[in-house]
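Subject: Structure handover and notes

Hello,

Here is the structure I said I would pass on. My notes come after it.

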Amino acid sequence: MKRLVSVPLVLLAFVAFAASGAAESRAALQPRSDILQLVSQTPVVEPEADLTIRLRVTAAPAGAQIRVDIRSRIPTRSDFKATLAGKATRTRVAGPFLSPATPDASGIVVATVPTRDLQAEGVYPITVDLLSDKGSPLDSLLTFMVRMPLSREFGPLGVAIVLPVGAAPASRADGTTTLDTGEAQSVLSTASVLAAHAGLPITITATAETVDALETTTADELRRAVAGRQLPLAPYVRLHPADWLAAGLAPELAREFDRGVADIRNRLASPDTSTYIADERLTPDAARALHDRGVQSLIVPERGLAPLDERLFNRTLTQPFLVNSVDGVQAAVADAALSAHAGETGDPILDANHLVADLAVLYFDNPPDKRAAVVAFTDDQQVDPKLLDAVLAALDPATNRILQPVSVATMFASVPRAGSRGETSGRGTPLTRTLAPTAGANLSDFAAELHLTEADLGSYRSMVTVDNPLAAEFERRTLVAGSADLTASDQAAHLESVRASIRAEAAKVQPAPRQTINFTARDGVISLTIRKTAGYPVKVLLHLQGEKLEFPGHENGFLEQTLTEETTRVSLNVRTRASGDSPLDVTVTAPDGHLVIGRTRVTVRSTAFSGVGLVLSVGAGTFLALWWLRHAVAERRERRNRLKHAARPAIEP
C-alpha cells in the first residue's frame, strides 16, 4: 500500500518541478522592458533612404545584439490601434537586420535598416529586440516607420496641435501665491522647445493665472516662444463654461474671460478671441454664449458630439462642420486617439513616434483630399517637452512632405467643410453636427458662496478708490476660486478667505466710542471721532437714528465721509425735540450699505426749555398762584366769620 501511494506522489512532485521549471523558463524569456530605450529615429523615410534608429542600451551583457524586423504596412487606423495594443501580429516583410548592441562614445547604439526593397509607401511597424549572445530576448519595443510616397502630386495633411500651458492655481486659499516648482520648470522647458521650433505653427491655450505666477525670466521666455502663434480665448483659470451657465453664473463667467484675455494680452500677446478650445461638456447654451463673445470657431472633442452616420462617414472626420442650433459657429473635432499617445508608453520619444505614425496613417487614408487633423492635448495631460520636441521635429516641412503643422485658425480658413453626405470637396450641403455634452458638475453651492463673496467685494470696492490694489487682488482671488482644478471644499475655502480678508480691512475703521453730550439749547454740534489704520483713503457712510433728534443738513439720516487721515473728526449738527436724554445711534457702513463696519451710541442730554414748554409752565404757575390766593382769601373770610359768631351774647328765650 505504501508503494502504491508513493508512486503518485513522486509523479506529482516531478510534474510540479517540471511546471515550475517551465514557468521560470518563460519568465526568463519575457523582455525586461528596462534595458532598451528609443532615443530617436528617422522621422520619415524617402523611398531611396535608409531608416536609422538610435537606441540607449543599459547594462546589456557581452555579445548582445540588436535585431530589427520590418512588418507589413498598416492599411487603416483600426489596424494601427490593434497593432499598437498587441492584438494583431503583422507578417515580416524585411529583416531580420542584426547589429551589435555596442554603444558608441555617447552611449548610443545605432541601427541602420535598409528600406529600398520595400515597394509601397505607408506606415510600417518596426520591432526592435535586444538579444543575448545566445539569442534569448532581453527587451523589445515597437516603433513605426513612415515611408514617403514616390509621387508628390498630393498636398500634406494639416496637423493642428493645441498645446495647453497652465496648471492648477498657484494662488492658495490664504492669499499666498506659490507655483509648483515642477510646473514652473515644465513651462520653461516647453517654452524652450517652442523657441527651438519657432517657424512651426502651433496653437497654445495659456492659463492666465499660471502665467501671472511665473517668474519674470520664465514669463519672458514664454512670451518669446509664443510670438506669432495663435493664442485662443481662455478664461483666467481652467473651468467648464457650461457648468457655470447652468448655475446662473453668466456675469461671473464673463469676468473670468475678461480677466483671462486682459492678462494674456499684458503678459504674452493679444489672444485670438474668435477661437475657443471646448471640452466635452459644451452645451448649445454655452456655445451661443461664446458666440456672443465673438467666438466663430470651436474645437470640440468627439465624445461631446452626437455620432456620425458610419454609412456616410466611414473614415476619420478631418474637416470642419457646422454646429446645430448655434448660428455663426463652425467646429472641428479634437481627435482623442491622437492626443492619447502622450504618456502612452512612458517613453516620450516612443510616444512621439506613435503619434506621428498615427497621423501618417490618416494621410494615407485619403491623400488627394484637403484635410487637417486636430491634436488637442487636454489640461489633465502632462505633455513631456521631449515628446513635443520630437513631434515638432518630425513635422518639419524640410523633411516631412505629407504632414504640415498649421494653426487652428489656418485650418478653418484653408480646409473645406465636410458635406452632409460625406462630400470632402466643400460642395453640397455642409455637415451639421449636434452637441451631446457629457454630464457636468452641480455648482449651486459654489454659486451661493460666490454671490456672498461678490457682495462683500462690491461693498469693499465702494469704500476705496478705483486704483486700490487690494480690491483688484480680492477680485483676482475670487476668480481663482472658480478653478475646476480645485475641489468643492477648496473653492469654498478660497471664497471664505477672501471674505475674511475684506472683513479684516473693514475692521481697520473704528467708529467713535460711546459718549454722552450735554446740550443747554435745542441746537448743538456733536463731534464724532473715527479712527482708521488702513494705509489708504476709505469712504464710509454714517446712518443716524434718533427718535427725539433732528439732523439739519442731513434730514434723511445719512452722511457720507471720506477718511484720509488716521483720525477724522466728523461734526454733526443735531436738534433736540425735547429736554432730557435722547439716544443717537450711529451705524458705520460701506457707502453701498451692505458691509457693516461698526455701531456706536451717543446720548444727548438737553436741559433747554422750548417756547411751548415755557408758556405751559408760566400758565401752570399762574393758575396755581390764583388758586392759592383765592383759597387763602376764602379761608380768611371763613375764619373771620367764625370769630364774629363767637363774640355775640346769648339771647334768652
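This is a predicted model: local features need pLDDT of at least 70, side-chain atom pairs count only at pLDDT 80 or more; totals for chains, interfaces and linings use all residues.

Residues are numbered from 1 along each chain as its sequence is written, and side-chain values use heavy atoms, with hydrogens and water left out.

Salt bridges

The whole structure contains 33 salt bridges (a side-chain nitrogen of Lys or Arg within 4 Å of a carboxyl oxygen of Asp or Glu). One of them joins Arg 77 and Asp 335, with an N to O distance of 2.7 Å. This pair links distant parts of the chain, 258 residues apart: Arg 77 is in helix H2 (residues 77–84), and Asp 335 lies in the loop between strand S14 (330–334) and helix H9 (336–339). Helices (H or I, at least four residues) and strands (E, at least two) are DSSP runs, numbered from the N terminus. Arg 77 is buried at 17% relative accessible area, and Asp 335 is buried at 12%. Buried means under 20% relative accessible area, exposed over 50%, and partly exposed in between (1.4 Å probe, protein chains only).

Asp 69 and Arg 67 form another salt bridge, at 3.3 Å, N to O. Asp 69 is buried, with 1% relative accessibility, whereas Arg 67 is partly exposed at 27%. Both belong to a network of salt bridges that also takes in Arg 92 and Asp 129.

Helix H7

Helix H7 covers residues 250–267. Its 18 residues should span 26 Å at 1.5 Å a residue, and the end C-alpha atoms are 26 Å apart, which agrees. The expected span is 1.5 Å times one less than the number of residues. Buried residues of H7 include Leu 253, Phe 257, Val 261 and Ile 264, and also Glu 252 and Glu 256.

Within H7, Arg 259 and Asp 263 are 4 residues apart, separated by about one helical turn. Their side chains meet in a salt bridge at 3.1 Å, N to O. Arg 259 is partly exposed at 22% relative accessibility; Asp 263 is buried at 10%.

Leu 486

Leu 486 sits in the loop between helix H14 (469–480) and helix H15 (488–506), and is buried at 17% relative accessible area. Not counting residues up to four places away in sequence, Leu 486 touches Pro 169, Val 480, Ala 481, Gln 491 and His 494 (contact means heavy atoms within 4.5 Å). Ala 472 is 14 residues from Leu 486 in sequence and 21 Å away in space, C-alpha to C-alpha.

Regards
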